[in-house]
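Subject: Handover of a structure and notes on its helix packing

Dear colleague,

Please look through the structure before you turn to them.

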Amino acid sequence: SCSMLIASLLEPTYARTVYPCFDEPAMKATFNIRIIHDPSYVALSNMPAIDVSERKDENGSLWTVTTFNTSLRMSTYLTAFVICDFDYVTRTERGNEIRIWARKESVKNGYVDYALNITGQIFSFLEDLLNVSYPLPKTDLVALPDFGAGAMENWGLMTFQESSLMYIPSDKFTIRKAMIAIIVSHELGHQACEWFGNLVTMNWWNDLWLNEGLASYFEYLGATFVEPKLSLDKIFYDNVVQPVLREDNEIEVRSLSESEDKIKGSFSFLSLFDSITYNKGASITWMLSGFLSEKLFIRALRSYLKEFAFSNANQDDLWTHIQMVLDAQDEIHLPASVKKIMDSWTCQNGFPVLTLNLTTGTISQEQFLNKRNENSTDVNNKTWIIPISWMRNGSSQPLMWLDKSSKMFPEMQVSESEYDWILLNVNFSGYYRVNYDQLNLKRLARLLENDPKAIPAVSRFQLIDDVFALTQFGYLQIETALELTKYLAREDELFIWNVVLLNLVPENLESTLKHYEVYPLLKKYLLKRMLPIYDYYAGFIRQNVDALEDDYFAQVYLEKLFATACWMGLQDCLNLSSELYNKWMDNLEYKIPFLIRRTVCCYGIAVGSDKEWNFAWEVYNRTDSTKEDKDILLSALSCAKESWLLYRYLQYGLSDTILSSNCTSVIILYVMTKDIGHRIAWEFVTENWPLLRERYGKELLHDVLKVLGRFVNTDVQIQELQVFYNATLEEDERLATTLLLEFTKFENMERRELLIKIANWLQKNEDD
């Protein structure tokens, strides 16, 4: 029996496709909803059902009519309905009935119990924090097997992707819990607490960031409230701030609060639901809460929520409330009005980089843009009003403000002593990067080697992330960034190692980094520094992996550390992989620790022969293998080190009827990214092109070109590709391909130059 499911997602502009309405966030109304449906299903909406009756249609079939209570005043995009045959678990918290609905199987197995446990706690936490009480009598959270968005905060009826609410009780690891806690807190941040978006709606979609940015900020507070072992500042910086700093620096990137005309005129609303809205909004909220103090920030939010309940607000209304709270006290003084400070962050795109000269104590600001691009050097005199938290020689200093393009801070002039150092933006008080002068960088590098813990963990992360970003954009030389990695043997934080490895061994470049000049030097340099942290974690993997259940970052980043160690040929890593892989071969019930499963499968096959490969292929083709297993194995099978195995893999992919059709192209791309696989895969594509074209068309050629491009260094190689593409493509596409190839070659030449610089530096520093 196949069951059906209907669920709505009306944000931003789909309510009009369900019922006729003025579908604008500012036009609020009350809604009376009635749903007529098959009797074996249940209907849910924003409000509780007040009547369920039966009715016959003209053919005499029986239908159920469910009528819901009149809703509160709300925007059209928040109306919602679900028709399903799910079960639920329930509990009441402060008179609010909370129900979590999911497939019957999942409810029976207890998969949604964890979500039920934390929902009430987060609700109460946010109500108390913001001094509001939830106006609806019930809240339904529904776990949908297949849902476009991650989750949707319909008032009283929240919908989630199944995986966002499911926690398997036998699963020891906090990472799943943390993910659920974060997603649930975000949506509840809309619901009860912040009421951002529901109780108080933006006047129009251009202030969406108010909604999502504040909810994203509260999601982290709520999540760490229910899972106190999570370290909030590290996770926030790593998940929210760092990714958006990497994105928010192109000239075209929009600002947080675009003008209405600009949005109406130019692009679809859906593009507003992006990381600028969520992550930058949350980062700026974090910064605001930092320089106001959380106490004042929450006080202002309480008064704002009181005044704008059930109506519409824009960001200026929020600034007004914060200003009122500020003016009523005298501990905290700002250099300008809240509106003026915050407009500099929300109405301009991008963010600043601060440049220090510590001999004179001068700090200047400019927009952080890629200096290597000709077009980004156009004079751009944006300024931000920037809060600077800082420390000198390990002790925290009073907050400073930079409110013009450059300013002298006599307190920041350093002395001759190399023990005199300065650190800015401590623990990320502001949304910007810092470019220190050589003098201070030398001192910081020395400090890291002698006493890394003198710099807080989040600041070590920022320091490394900043220098690599500054290198990439032409503000600094790569050598400067490398100096800061010498201390790493004493670094025990995985999230910091991760940012180093992302920069030195990016995933998509592993195969090109196996270059005879760089690879042996990099291997020697990094392995020496990686051994302490590798040994620490390898011990747990061997003896007691469950002991890592509260180590959030081990669950996110241990894989990258192990993969890099194996990639660099660390013997213990290779042995461990084949040990665990063989354990699995001997006993299918054995579970390889999921923290490093991908790596173990890959290197178990790489170190092994056809016996190991065949085992993985058999497991892949078993009907009871989970989707996750299949994904891991499909990739691991391309790790084989013998070329005939790779060739056979491609052949299987082409001829095997078991594989779903899109797997072939995935297999080709996996093999192509490997150092020994890229020639094999290329030959395979050219030999089988007629068949491949029939199945995958030009899509595949495009993907192949992207991957293969990494290996193109000479004109001869370009010509070889060009000949093939000319023979297979239409005229108009040939031109695009030629340009792409030229660009790739240019990129690769730049990378070559960079690699040679790195190699020279490593050569000089290999004995340190």
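This is a predicted model: local features need pLDDT of at least 70, side-chain atom pairs count only at pLDDT 80 or more; totals for chains, interfaces and linings use all residues.

Residues are numbered from 1 along each chain as its sequence is written, and side-chain values use heavy atoms, with hydrogens and water left out.

The protein has 28 helices and 20 strands, taken as DSSP runs numbered from the N terminus (helices: H or I, at least four residues; strands: E, at least two). Of its 768 residues, 57% are buried, meaning under 20% relative accessible area with a 1.4 Å probe and protein chains only. Among contacts (heavy atoms within 4.5 Å) between residues at least 6 apart in sequence, 71% join residues at least 24 apart.

Two packed helices are described by the angle between their axes and the distance between the axes. Here the axes are lines fitted to C-alpha atoms over the stretch in contact, and angles run from 0 to 180 degrees between N-to-C directions.

Helix α17 (residues 519–543) packs against helix α18 (residues 552–567) at an angle of about 135°, with the axes 9 Å apart. That makes α17 oblique to α18, the term for angles that are not under 35 degrees (roughly parallel), over 145 (roughly antiparallel) or 65 to 115 (roughly perpendicular). Their crossing is left-handed, which is to say that the near helix is turned anticlockwise from the far one by less than a right angle. Residues of α17 including Tyr519, Leu527 and Met530 meet residues of α18, among them Leu558, Phe562 and Trp567. By class, this contact of α17 with α18 has 14 nonpolar, 1 polar and no charged residues, where Ala, Val, Leu, Ile, Met, Phe, Trp, Tyr, Cys and Pro count as nonpolar, Asp, Glu, Lys and Arg as charged, and the others, Gly among them, as polar.

Helix α23 (residues 643–655) and helix α25 (residues 677–687) pack at about 35°, with their axes 10 Å apart, and this crossing is right-handed, the near helix being turned clockwise. The contact of α23 with α25 has 7 nonpolar, 3 polar and 1 charged residues.

Finally, helix α21 (residues 610–621) and helix α22 (residues 627–636) cross at roughly 150°, their axes coming within 9 Å, in a left-handed crossing. Ala616, Val619, Tyr620 and Asn621 of α21 make the contact with Lys630, Leu633 and Leu634 of α22.

Notes:
Buried means under 20% relative accessible area, exposed over 50%, partly exposed in between (1.4 Å probe, protein chains only).
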